[in-house]
Amino acid sequence: MKDSTTSKWVSLIAKLLQLTQEGKIKWTLQPPPPGKLPATERVSQVYATAYEGQGLRIYEYDYKTLVPDFSDDLEWDRRVKLELVDATGRSLYAISQEPGLDDLLRAVKHQTSNVDAFLEKLGIS
């Protein structure tokens, strides 16, 4: 069952990546998700879009985790999360630690930064 579900999420991520790179999905920078985060988590830039009536949100978040040397020390680690959201921005379902999420976030950042237009202005293609 897990392999089937993972396969579906990987397919979803690959499709969103393709649509983003083709410019068929336009992402926008948004404020962090509503609600107070635990002290062990922090979120910086959040990107949102809607496709076929479904709201989507993707972002990097840092979280504290135990250092693997069996000490009580904590260190910051990073993950990418993709969420399906309702019309109010409330998270309905979250996907993280799936292959391709980093690539999707990189494509979203590329699109929203307008880096291609900047490079074009400089005569770089």
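Biologist: Where is Asn 114 found?

Modeller: Asn 114 sits in the loop between α2 and α3 (115-121). Helices here are DSSP runs of H or I with at least four residues, strands are runs of E with at least two, and both are numbered from the N terminus. Keep in mind that this is a predicted model: local features need pLDDT of at least 70, side-chain atom pairs count only at pLDDT 80 or more, and totals for chains, interfaces and linings use all residues. Residues are numbered from 1 along each chain as its sequence is written, and side-chain values use heavy atoms, with hydrogens and water left out.

Biologist: OK. What is phi of Asn 114 near?

Modeller: Phi of Asn 114 is near 55 degrees, a positive value in a residue other than glycine. Most residues other than glycine have a negative phi. Gln 97 has a positive phi too, of about 60 degrees, and it lies in the loop between β5 (91-96) and α2.

Biologist: Is Gln 97 buried or exposed?

Modeller: Exposed, because its relative accessibility is 58%. The cut-offs are under 20% relative accessible area for buried and over 50% for exposed, with partly exposed in between (1.4 Å probe, protein chains only).

Biologist: Zooming out, how many helices and strands are there?

Modeller: Three helices and five strands, running α-β-β-β-β-β-α-α from the N terminus on. The C-alpha trace spans about 50 × 40 × 30 Å along its principal axes, and 30% of the 125 residues count as buried.

Biologist: Now salt bridges. How many does the structure hold?

Modeller: Eight. Each one is a side-chain nitrogen of Lys or Arg within 4 Å of a carboxyl oxygen of Asp or Glu. One of them joins Asp 62 and Arg 42 (3.3 Å, N to O). Asp 62 is in strand β3 (residues 54-66) and Arg 42 in strand β2 (residues 41-51), so the pair ties together parts 20 residues apart in sequence.

Biologist: Which side chain does Lys 109 meet in a salt bridge?

Modeller: That of Glu 60, again at 3.3 Å, N to O. Lys 109 lies in helix α2 and Glu 60 in strand β3, so this pair ties together parts 49 residues apart in sequence. Lys 109 is partly exposed, at 30% relative accessibility.

Biologist: And what about Asp 103 and Arg 106?

Modeller: Their side chains meet in a salt bridge as well (2.7 Å, N to O). They are three residues apart in helix α2, so about one helical turn separates them. Arg 106 counts as exposed at 52% relative accessibility. Elsewhere, salt bridges that share partners join Glu 60, Arg 78, Asp 102 and Lys 109 into one network.

Biologist: Last one, Gln 30. Which residues is it in contact with, leaving aside neighbours within four places in sequence?

Modeller: Val 46 and Ala 48. Gln 30 lies in strand β1 (residues 28-30) and is partly exposed at 35% relative accessibility.

Technical notes:
Contact means heavy atoms within 4.5 Å.
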